[in-house]
Amino acid sequence: MAVLSLDQVVGGYGDTQILHGVSMHVDEGEIVVIIGPNGAGKSTAMKAVFGLLNLSSGRVFLDDNEITNMPTEMVVRQGVCYVPQTANIFPSLTVEENLEMGAYVRKDDFRPRMAEIYDLFPPLLEKRKHAAGTLSGGQRQMVAMGKAMMLEPKILLLDEPTAGLSPKFRGEIFSIIRTVNNAGTPILMVEQNAKQALKIADRGYVLVDGKNKFDGAGQALLDDPEVAEMFLGGGSHKVAS
Amino acid sequence: MEQSYGIFLYIISLATMGGMYAMLTLGLNIQWGFTGLFNVGIAGFFAIGAYVSAILTSPETTRHLGGFELPYIVGFSASMIVTALIAWGVGKVCLRLRSDYLAIATIGIGEIFRLILKNETWATNGPRGVSMVPKPFESLAEPYNQLMFLALVLVTVAVIYLLIEAACKSPWGRVMTAIRENEPAARAAGKNVERFRMEAFVIGCMIMGLAGAFTAQYLKFIDPNATELTTTTFLVWVMLIVGGSANNKGAILGAFLMWTVWSASEILTSRLPDDMAIRTAYVRIFLIGLALQIVLQKFPSGILPEKRPKPSGSHE
Amino acid sequence: MIALMEFINFYLIPGIVLGSIYALGAVGITLTFGILRFANFAHGETMTLGVYFTWTLMQITPFHPLVILPASMLLTVLVVLGIDRLFYKPFRASPTIMVVMASFGIMLMVRSVIQFVWGVQLKGLVPGIQRPMVLFDTLRISPKHMVIIASAVVLVLLIHLLLSRTKIGKAMRAMSDSPELARLTGIGTEKIVMTTWVVGASLACAAGVFLAYDTHVETMMGFKLLLPMFAAAILGGVGKPYGAIAGGLIIGLVEELSSYPWIGTEPLLNPGYKAGVAFAIMVLMLLWRPSGLFRGRVF
């Protein structure tokens, strides 16, 4: 059963339409990756879930509840967490304070959850009193994800989690994503490094010009000659827009 | 007969002051209307122009620097050059940062200049100010002296208006609009955004300096109160916003209209008993401030809105 | 030795007093800049208003200004929240420069109300001149100055506890770091904005009252502090409350010490230009490092 689903979503910013009918879904326990050329509306599709975009038509569901055009704060309270590509931590707050902010909408005791996050990302425990802005790129990404997971979200949205990181860190991030997923959180992510992302993904969607172009299991997309030629070629090092 | 002559003279003075405010609003319009620069140091640049011109043209005195008795044209030119230089310095520091910083720095310039005027008594006669400033056409008989001065002001306003209109329609003006509408795109097109901003800022300040020079000659006197925020800076802002920013006709209309309101309300309140009159002066400022807030919220484009080539726009 | 004591008594202590006042005021400026993202020109008038509330309450009650302070803080906060609702809130989604302009208008509106209601003549908060206390034979410190410094220290500690120990305080710092991320994290903007006004207005009121307690009550007193407070906020790094405190102390000290006869017997800087010191520091900072000592945001 789908945790999150988008049904024929149309929308954009102001007068500019970017999404012209995007449908996708994420099932329990899955990693789903969105790939496509620059400007295809990949990140925009995520923002559509998050109430950051006005949808002119189409619907978004979380479990069976409609969350179309719901204010961001409410979407967070419903259990969707979003890690943007840049500016995804509070640099002047300590690591621990960042995690606390992740739990901002929680009313209950979040300390057990924090311990779990530290178990998942041991380097963070060591640096918990450091300002998050002083950490390395990979560790910042851990803070960003750890912060999002403080809510024990029903689903985690990641916008280009490896953008701008070196190949070594990229591998590290992908293994973190797997760890998070193994711990039970379904993940929907946008990735430029399509090949690596599809390898860890259960399924993938290819968006072109704001519409679904292909979809299928991660491995199936990797093997599809047309997809491979169009999107998996030398393009994996492109700088994200 | 006597009374109607008095009204006639009053209207002339109203129009003369309105014309000088029109220079200020036109200068501010280049900065805010066309370029989006938030200058709240209008009073400072105005005062710089006023003092430079006053000191250069006035007769010898022991009270302050002076005795040059230079022609008006030199006073006016010098006031523009000096304000331009100071504006350039301010621009160098602030224009690469967001508008708020320019606002803080320009309000600082006004304050610094007020300190200089008060402390450097040898040059400025301190708080007592510079008096005996000569006034163009003052040797003519009344009302011809007043009328000639008014004509000079109106011609100057017209010349400034025509020059700005021409500049706006030129390639320079189009780049200016492009920068304001979409700065990243203008940068990508290889435009030197900082240089264009600097030009707009300096030109706007020069016009404000000129307005200061005119005011000093007209009133024959200038003192540090010229740096007062309320009557110069704030009123000019209200004039531009009410008239319609980014529209030069709107800027001029706003200046004459708001000056009439301001000046007429002063006449009304001055009829009240002394104590009341002083207090109602504050009510006037409050009401003008309230008018600004209402216009900002309800009619942000003013009486004469900007004429745009294409209707799309996220700026306002 | 005598020269040293003179330096401490007449330059250093007044510098710390002035610096504490700037520091308290600058916290409000920097938080508004960081969280609401605009330079609030009406902050000086908030101070003045707080002072006049205090003065009025002192006319009708027999209490010391410090006892009255909480009540006048509350009144100031209520007025500022009302101003936010009527004049700033409509611009939340607009380009920030609209709010800057609105605050510029509010500055003059509030001042004209003060001048209308209370008149422009000087008033004193506490009558008479107090004899300074002499410690260790030579250290002269007036009780007023001791009260101001001690109260400022208490308030700074309270701000520190708020910002580092409470959820709302941490959320304020988070929003000052990155408003977009704060929103994505589910931190409600309006609640934080309200808290920012509460904190900023209370501290402004306190700073104003301390200044009035040290000098006198006057309608332009807040405006005169505006530039040093902006300078302190920029010096410390915009959006950084700790930076603003440090910046305020530095500017207060430099202002007072600038007229000390460091070279020869004449004051280094004509005291008439004291008010220009803050501006000079601000300009140098903008040239050298616009992000400030504490690496704040640059817009």
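I looked up Tyr88(C) first: leaving aside neighbours within four places in sequence, it is in contact (heavy atoms within 4.5 Å) with Phe38(C), Asn40(C), Ala42(C), Ile83(C), Val99(C), Ala102(C), Ser103(C), Ile106(C) and Trp197(C). The model is predicted, so local features need pLDDT of at least 70 and side-chain atom pairs pLDDT 80 or more, while totals for chains, interfaces and linings use all residues. Residues are numbered from 1 along each chain as written, chains are lettered from A and ligands numbered from 1 in the order written, and side-chain values use heavy atoms, without hydrogens and water.

Next I took Ser5(A), in strand 1 (residues 2-13) of chain A; strands are DSSP E runs of at least two residues, helices H or I runs of at least four, numbered from the N terminus. Ser5(A) is buried at 18% relative accessible area (buried is under 20%, 1.4 Å probe, protein chains only).

I traced the sheet in chain A: 4 strands, open, order 2-1-4-5, antiparallel pairing (a pair needs at least two DSSP bridges). Strand 2 (16-27) and strand 5 (65-66) are at the edges with a single partner strand each, so one side of each lacks a neighbour in the sheet. Strand 1 and strand 4 (residues 54-62) of chain A pair over 7 bridges. I found Gly12(A) opposite Asn54(A) in strand 4.

Definitions and conventions
Buried < 20%, exposed > 50% of the residue type's maximum accessible area, 1.4 Å probe, protein only.
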